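Please open the model in your viewer and keep the selection tool at hand. The tour goes from one selection to the next and says what is found at each stop.

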Amino acid sequence: MFCWSKSKRNSVAEEEPAAVIMSADTKKDGLTRAVLFDFHGVPMTCNYIAKWDQVQNFQAKPDDILIATYPKAGTTWVSYMLDLLYFGQEPSDRETSVPIYDRVPFLEIAFKSMPAGVDLANNLKTTPRIIKTHLPIQLLPKSFCEQNCKIVYVGRNAKDNAVSYFHMDRMTLIQPDPGDWSSYIQRYMDGQVIYGSWYDHVNGWWKKKQAYPNIHYMFYEDLVEDTGRELDKLCSFLGLTRSAEQKKKILLGVQFDQMKKNNMVNYSKFGLMDFNVSTFMRKGKVGDWKTHFTVAQNEVFDEHYKTKMKDSTLQFRTDI
Ligand code: PPS
């Protein structure tokens, strides 16, 4: 594998793989935006596959809980809910001093400046271990299903997902440069962004759910509409009983405004993100796409969406 195989691990440009989609041509604040290339049919950068052998061979435990999403679908929100459900009942240092990405490791992440997700996951001392991934179903390490782990998938409507991803790529200085919105939305529709096609991701996991019942498929829009109802469903899937008082506390903690000011979940300590460009807890809304899509872009998107989703029974709401 070419990723970081030499000592200058950030200098990927001199050893780019054959199937480059976007080059590492932008430099800002001394950071190189990563090369986007084809990896088993999915656009990826080194930052998500540098530890691929360990990721693929990851040994899940039967009580692990995996949260799987296409990027920007509400991963952090549901991760924090799960974390509070399992570990938030008593006041602890965890709440005040352990960032969410250390409590809920991001399995495949391998940024050179921080511990790899797979190592964090292997070293987690909690029971259960709650682990996050953005991998499409075909790249999921086998052991999660072999061990019959519970998996929580969160999907978000494609339009709001695209907007959120665009701002994430703008502010995360090592992601491929998103360019302007009009070129970005075209690449998003074509699946030429990290983790590839939104359509393939949401449908791939949806199909998996039909064969593997231990997937709880949630929707970001449902969470915004009625977080309490979704928390109840989550508890029922996980087989957890929590008192009304405990749930009330969780629901308060996971409100957008609360999370936005909570430094343990708002990524303010993460580095690599320029909060002057955008914030991680940006808007937290359904329908923000309307402030980005032109009428023409929306028409093109809708046509494309119809074609891509024609065989799918999945229904997303772009408004609530
Ligand atoms: S990541 O980087 O892929 O893990 O991002 P992810 O956590 O999946 O998604 C980030 C978006 O989720 C929004 N978010 C929330 N919305 C409503 N309520 C709560 N509590 C909440 N927590 C996170 C976050 O604001 C990002 O969406 P946008 O549209 O960019 O605001």
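Predicted model: local features only at pLDDT ≥ 70, side-chain atom pairs only at ≥ 80, totals over all residues.

Begin by selecting helix H8 (residues 181-189) together with helix H14 (residues 295-308), whose axes come within 11 Å and cross at roughly 5°. Because angles under 35 degrees count as roughly parallel, H8 is described as roughly parallel to H14. Show the side chains next: the contact is made on H8 by Trp181, Ser182, Ile185, Tyr188 and Met189, and on H14 by Gln297, Val300, Phe301 and His304. By class, the residues of this contact comprise six nonpolar, three polar and no charged.

Around Trp205, leaving aside its neighbours within four places in sequence, the contacts are with Leu66, Ala68, Leu135, Pro136, Ile137, Leu140, Ile151, Tyr153, Ile215 and Tyr217.

Now turn to the loops.

Select Asn148 in the loop between helix H6 (143-146) and strand E8 (150-155); although not a glycine, Asn148 has a positive phi of about 55°. Is Asn148 buried, partly exposed or exposed? With a relative accessible area of 45%, Asn148 is partly exposed.

Finish at Tyr195, in the loop between H8 and helix H9 (198-211), where this non-glycine residue has a positive phi of about 75°. Tyr195 is buried, its relative accessible area being 3%.

Notes: Residues numbered from 1 in each chain as written. Heavy atoms only, no water. Axes fitted to C-alpha atoms, helices over the stretch in contact; angles between N-to-C directions. Helix = DSSP H or I, 4+ residues; strand = E, 2+ residues; numbered from the N terminus. Parallel < 35°, antiparallel > 145°, perpendicular 65-115°, else oblique. Contact = heavy atoms within 4.5 Å. Nonpolar A, V, L, I, M, F, W, Y, C, P; charged D, E, K, R; others polar. Buried < 20%, exposed > 50% of the residue type's maximum accessible area, 1.4 Å probe, protein only.
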